[in-house]
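Please look at the sequence and the structure together, and then work through the questions and answers that follow.

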Amino acid sequence: MNQTLLSSPLQGFTDFKFRNAFNHFFGGIDTFYSPYIRLNGKLVIKNSYQKDILLENNTELEVIPQIITNDADEFLFVSKYVQELGYKELNWNLGCPYPMVTKRGMGSGLINDDEKINNILHKIHNESDIIVSMKMRMGYENAEEILDVLPILDNYPLKNIAIHARIGKQLYKGGTDLDAFQKCLDNSKHKMYYNGDITSVAAFKKLQERFTNIDHWMIGRGLIADPFLPSMIKNDTTEYPKNRFHIFNEFHDRIYQEYDAALSGPTPIKMKMLGFWEYFSQSFSNPQKTYKKIKKASNAKSYAIAVKDIFKEAKR
């Protein structure tokens, strides 16, 4: 069975700059999902969202746009917009676990409102020919919530349902619930994709052995923490390339330069890269020490020195 690897969207991380650099230096991802488009009650798409999904910014990638909403008119508006750009599919995010989203009844905070989910899907399928796919958690409060929604989803021609095997209130803490994920498989006619804690080749193989019918796998945080992971899975190897940290260094330098050019002032670029290094540090022998070096860098010059030292030590 061929295994398809997908990049799970991470807000603030996996935009087109990151995606293009990742694809160039590492590869292994078949399809990227863009971070969600959110309208906040106005039928206006922010410039940053527009840029992210422009075809000219994604020429070498297969990208699927994503929306987060609890409003059918917003869904229709974004559907029409992405179709005009040339996209045929729109992914609906019912997975985001963050309180600022869930408290507004979006992301995983919408999973317990099966009536609203039904109304939105009914309208979108009646008034648009966009292909709809779903990205979900198993609920917000508990993993039973999704079991009430799956029979409703069975009424619609969804392309697939990608499930992160956690509930929303966990955020990213605690383990995945594989038994609850199996219940989802047992209670839906739709094609399912698996997402959650694919952090190593060994972890992937364990999941593959357990869920033998799954052939689409979404990698989120693991892809940033270890950018070589998708290609290693594809090549069925646990061996890193000999020039691992040279490649990683070049990748870092490219995204740093691109974000530095796009962001104004030293604080935004520092915060941007600090976010990345929370994950990047996991690839180094002492993650805590590595991250601390980056955190202590107070300006662009000291940041460059810290990065140089980190990669120099890793290349030895």
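Q: Does Ser188 count as buried, partly exposed or exposed, and what is its relative accessibility?
A: This is a predicted model, in which local features need pLDDT of at least 70 and side-chain atom pairs count only at pLDDT 80 or more, while totals for chains, interfaces and linings use all residues. Residues are numbered from 1 along each chain as its sequence is written, and side-chain values use heavy atoms, with hydrogens and water left out. Buried means under 20% relative accessible area, exposed means over 50%, and partly exposed lies in between, with a 1.4 Å probe and protein chains only. Because its relative accessibility is 15%, Ser188 counts as buried.

Q: Where does Ser188 lie, and which residues is it in contact with, leaving aside its neighbours within four places in sequence?
A: Ser188 has its place in the loop between H7 and S8, where helices (H or I, at least four residues) and strands (E, at least two) are DSSP runs numbered from the N terminus. The C-alpha atoms of Ser188 and Asp154 are separated by 6.6 Å, although these residues are 34 residues apart along the chain. Contact means heavy atoms within 4.5 Å, and, leaving aside neighbours within four places in sequence, Ser188 is in contact with Leu150, Asp154 and Ile161.

Q: Which residues touch the most other members of the largest nonpolar core?
A: A nonpolar core is a set of buried Ala, Val, Leu, Ile, Met, Phe, Trp, Tyr and Cys residues joined through side-chain atoms within 4.5 Å. The largest nonpolar core has 95 residues, and those that touch the most other members are Trp92, Leu153, Tyr194, Phe251 and Trp277.

Q: How do helix H12 and helix H13 run, roughly parallel or roughly antiparallel to each other?
A: Axes are lines fitted to C-alpha atoms, for helices over the stretch in contact, and angles run from 0 to 180 degrees between N-to-C directions. Helix H12 (residues 266-280) packs against helix H13 (residues 287-296) at an angle of about 175°, and their axes are 10 Å apart. Angles under 35 degrees count as roughly parallel, over 145 as roughly antiparallel, 65 to 115 as roughly perpendicular and the rest as oblique. H12 and H13 are therefore roughly antiparallel.

Q: How do the residues of the contact of H12 with H13 divide into nonpolar, polar and charged?
A: In this contact, Lys270, Leu274, Trp277 and Glu278 of H12 meet Thr290, Tyr291, Ile294 and Lys295 of H13. Ala, Val, Leu, Ile, Met, Phe, Trp, Tyr, Cys and Pro count as nonpolar, Asp, Glu, Lys and Arg as charged, and the others, Gly among them, as polar. The residues of the contact divide into 4 nonpolar, 1 polar and 3 charged.

Q: What phi does Leu171 have?
A: Leu171 is found in the loop between strand S7 (161-164) and helix H7 (178-186), and Leu171 is partly exposed, with a relative accessible area of 23%. Most residues other than glycine have a negative phi. Leu171, although not a glycine, has a positive phi of about 55°.

Q: What phi does Asp197 have?
A: Asp197 is found in the loop between strand S8 (192-195) and H8, and its relative accessible area of 29% makes Asp197 partly exposed. Although Asp197 is not a glycine, its phi is positive, at about 60°.

Q: How far apart in space are Lys242 and Lys315, C-alpha to C-alpha?
A: Lys242 has its place in the loop between helix H10 (229-234) and H11, and at 91% relative accessibility Lys242 counts as exposed. Lys242 and Lys315 are 73 residues apart in sequence, and their C-alpha to C-alpha separation in space is 9.4 Å.
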